Every structure is written in structure tokens, then in C-alpha cells.
Amino acid sequence: MNSEEEFYDAVTGFDSDNSSGDFSEANHKVAEMLDLDPHQSNKTGKHNGETEIQENGIKRHRTSLPAPMFSRSDFSVWSILKKCIGLELSKITMPIVFNEPLSFLQRITEYMEHIYLINKACSHADPQERMQAVAAFAVSAVASQWERTGKPFNPLLGETYELTREDLGFRFISEQVSHHPPISAFYSEGLNKDFVFHGALFRRLLKFWLSLIKLQGNDSFLSFLYRHNEAYTWTNPTCCVHNVIIGKLWLEQYGTVEIVNHSTGDKCVLNFKPCGLFGKELHRVEGYIQDKNRKKLCVIYGKWTECLWCTDPTTYETYKKNERRGGEQKKKSVSEDVIKSENDVADDMPEIQDTVQFIPGSKLLWRINCRPPNSSQMYNFTSFAVSLNELEKGMEAILAPTDCRLRPDIRHMENGNMDAASKEKERLEEKQRAARKERAKDQVEWHTRWFHQGTNPYTGTADWLYSGGYFDRNFSDCPDIY
């Protein structure tokens, strides 16, 4: 067995996590604990008046939060942040009004919203099309941050979050593996055992320039497609928050993202363009896919807040040349019919007006999902994000006691009780500090539960690998953090 095979035995935890068995048996047990009938695939209704079951047997997730967002108009972000220059992100204590009712571990889970792109990559026979789908997935992972100016709750050390979505075909587990510096590790696998997606996020530096905050990180992501025996790695772009002192807060993603296929040598280079002086490049993404001989195979363009397209390099260069010469180029607003014919987009997808200049002959790779009509009153959450903190009847019996859904401060904020949320947040933070002092006094080191440090054989860098066993649901040795 070579090092790569050993790595994936370790990272998937297949031996210890019963992943080589049938997922249906595990799902059946969970359904029994939730008092659901796993065979109700042809019935419609609500379980105990709460969970609606659709005709296809997939439960319908909630579409709104219990309480609307609290107004931030009477608070100044700058009055807090000016005292925190030079501190790590996790060390800044912000009034709870600037939070959103999700943990950072749940925010990470939003990378999975467009997991259909990884499923599409698994189904493609052409390696170039697989890279296109993976590139679109990497861009889509940051799309949910658009207009999300609320700060997620800093995870407590040992905090976890799990999510299984049978309708989307994956299960997911994350853990806060370090508090200082703050590091969050996650692992996800396809329910059909067709892919693994895992990574670690380490964002600690804050830099201030007048009304701008720059968040720098050392994030790493790896996706493995079993059918093709391919591993893809990449990192996130840099994130900036603008108008901290005055005006409307808005986010900018910029920097170069390289996605490498370690099996074929193909590479995708994506340039998240900075806004620029007059905002001409706002949200724009441009790049290309090249083979191992550095031959450009296709060009990718679009906006991380809207959509992503690809075309062949000759067409792209001709179009840009004509544009520079002042030629008349028609800005095409792509209709729903064009989207469906070119990219097999879901039938119920509403039309979205683009601001991306469409190059004739391009293929649509990805389009952002429409947000709920009342999204502005729900922290600008997507429909996927709205469901992340949902706590259904019976879930507490199967969740790890460290799961984010059980955090009282986040639960109170979601329910609109800001005073109780603030008090609970202070209590939890003090409890964490006391536990850290006690460990230091007794010279006891913290041990992570579901992840361990190792080396990624593809990048040669330090990584956090899934240890396996979470979905066996033996939580007897989980810490008491709440």
C-alpha cells in the first residue's frame, strides 16, 4: 500500500467508521431514533406537526428563522474594532448584535450548498470537464458570504457540527481543533462513496487600513474523486470588509486561487480581482485551465456573486481584442431557457438577471442560488443557511453534546432573545477560559476528538485529518463545553 492509499484510509476512516458498509442501515437507525418511518417514501404530511415529508420521501427543511434580525443601526462597528487593532479574529469581543446566529463551523458547512458540482465532476469522463466543475465548486464555496456582514460565533474548543443531507448526497462533520490559533477542521463524504472533501481553516490575522479590514488565512481544501482516482487541492482567496467606519458594510474577495489535479497535472488558475478605484472589477473572477504542459485548455470568467462561464481561449482572446478596439459588444442577459439548455440547471430555478458580460458560445458552469424573499431580515442567509441551525424533535438524542445546535447563546439569538444570548455567550467564554486555566495548572494537554494532525502527501504540508468513528455515535468521552 502506497502513501496516498494510506492517507485515504486515514482521512476517510473507512475501517473504523463502518463506511465500507451500507449507509442505509445507519440512516435507518437514525430514523428510528428520530421516531421517523424510513419507508414513508410515498407519503406526504408532517411528522408530529413539525417535519414535512414530501412525496419523494425527502423532508422539507425550514424556510425562515424563528425571529427577524435585530437592528444594528444604533451600534458602531468602528467603536469596537479601533480598540482591537493587531488582535487575532478570535480574540475580538464584539457586541452580540454584530453576530449572526450561526457558529463558524456552520458557516464552513455552507461550502456544501453547491455540492452537486462535485457530483457532476464525478460523472464526467473528460478530465477538463471535471476540472471545470471543481473550479466552479471552489468559487461557489465563497458565494454565500455575499452581503453577509454578520460575524459568526467563534467556535469553542472541541465544538462540533454534523450535517447529513440525503437529498444532496453527503454527510459532514467539523470540529474546532484549536482555539489559539483558531483552526477549524472538517470532513465530508458522498453517501454513494463517490467523493471525499475535507480541509482546515486557519484565519487569524487582521489588518486595518482606515475603513477596511483584511482577513488573511491559511486555508487548505482537498477533494478526492474515487471513480477517477483524482485528488484536487486549493486554497481560499483573501477576504476584505469595507466601510467599517461609515457607510454600508460590504465584502470583497481577491487574490489568486490555484486548483491542482495531482493525478493528471492539470491546473486551474483563478484570479479574484480586487474592486479597483471605480469598482469596474468588483466581484469579477477570471482564469484558465491548463494541462501539465501549460497549454491553455479553456478560459473561465464571471463573478463569485453571480455565475461562472467558460469558453475556449481563441474565442475569449478574439472577444477581448475586439473589446479593446472599441467594437460594439452586446451584453447578453441570459434567460432561464438558455441556462437550462446549456447546463441542465434544475427545472424550478427562477430567472436571475446577470451583470456578467456574456461571450457568445460560452458554457455555464455555475449560478448562485436565489435567496429567500425575506433574506434581508434573516442576516442575508441563503435557504441552505437558514436550515443549518434547525433542531428537530428527537435530534438531541443522536447529536454529539458538543454540536453547535445545542449552543444556548446561538439558540437564544436565533429566537430573538438578545439579552439572554449575550449572557450565555459571556458564560460560555468564561467557562472556556476556566477550563484552559485548569488544564494549564494540571499540565494536561487538550486532545482533539475527531481529527488528528498529519501530512498531506499531495502538498507536503501539515493537515488535519479525520480520525473516523464519528458516525458510530459513541459520544461518551466528549467534553462538557456548554
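Mentor: Happy to! An axis here is a line fitted to C-alpha atoms, for a helix over the stretch in contact, and the angle between two axes runs from 0 to 180 degrees between their N-to-C directions. Please keep in mind throughout that this is a predicted model.

With that, let's look at helix 5 (residues 116-123) and helix 6, whose axes come within 8 Å and cross at roughly 170°. Since angles over 145 degrees count as roughly antiparallel, helix 5 and helix 6 are therefore roughly antiparallel to each other. Which residues make the contact? Helix 5 brings L117, I118 and A121, while helix 6 brings R130, A133, V134, A136, F137 and S140. Sorted by class, the contact of helix 5 with helix 6 holds seven nonpolar residues, one polar and one charged.

The largest one has 63 residues, and F197, W234, I259, L270 and I300 touch the most other members. Helix 6, which spans residues 127-143, gives the most to this core: 11 residues. In soluble globular proteins, nonpolar side chains tend to be buried together. Setting aside neighbours within four places in sequence, the contacts of F197 include F137, Y111, M112, F221 and W234. F137, one of these partners, also belongs to the contact between helix 5 and helix 6. A second, separate core of 17 residues includes Y187, together with A400, W464 and F471.

Now follow the chain past helix 6. S144 sits in the loop between helix 6 and strand 5 (151-153). Is S144 buried or exposed? With a relative accessible area of 5%, S144 is buried. Beyond its neighbours within four places in sequence, S144 is in contact with E110, E113, R371 and T382.

The chain has 11 helices and 22 strands, and 50% of its 482 residues are buried. Of the contacts between residues at least 6 apart in sequence, 60% join residues at least 24 apart.

Side chains of opposite charge can pair when their charged atoms come close. The structure holds 24 salt bridges. In one of them, E286 and K273 meet at 4.0 Å, N to O. E286 lies in strand 17 (residues 284-290) and K273 in the loop between strand 16 (267-272) and strand 17, so this pair ties together parts that are 13 residues apart in sequence. Both E286 and K273 are buried, and they are part of a network of salt bridges that also links R284, K320 and E323.

Two further pairs sit within single helices. R411 forms a salt bridge with E414, their closest N and O atoms being 2.8 Å apart. Because R411 and E414 are three residues apart in helix 10 (residues 408-414), about one helical turn separates them. Both are buried. The side chains of R433 and E430 also meet in a salt bridge, at 3.2 Å, N to O. R433 and E430 are three residues apart in helix 11 (residues 418-442), so about one helical turn lies between them. R433 is partly exposed, with a relative accessible area of 35%, and E430 is partly exposed as well, at 42%.

Methods:
Residues are numbered from 1 along each chain as its sequence is written. This is a predicted model: local features need pLDDT of at least 70, side-chain atom pairs count only at pLDDT 80 or more; totals for chains, interfaces and linings use all residues. Side-chain values use heavy atoms; hydrogens and water are left out. A nonpolar core is a set of buried Ala, Val, Leu, Ile, Met, Phe, Trp, Tyr and Cys residues joined through side-chain atoms within 4.5 Å. Buried means under 20% relative accessible area, exposed over 50%, partly exposed in between (1.4 Å probe, protein chains only). Helices (H or I, at least four residues) and strands (E, at least two) are DSSP runs, numbered from the N terminus. Contact means heavy atoms within 4.5 Å. Angles under 35 degrees count as roughly parallel, over 145 as roughly antiparallel, 65 to 115 as roughly perpendicular and the rest as oblique. Ala, Val, Leu, Ile, Met, Phe, Trp, Tyr, Cys and Pro count as nonpolar, Asp, Glu, Lys and Arg as charged, and the others, Gly among them, as polar.
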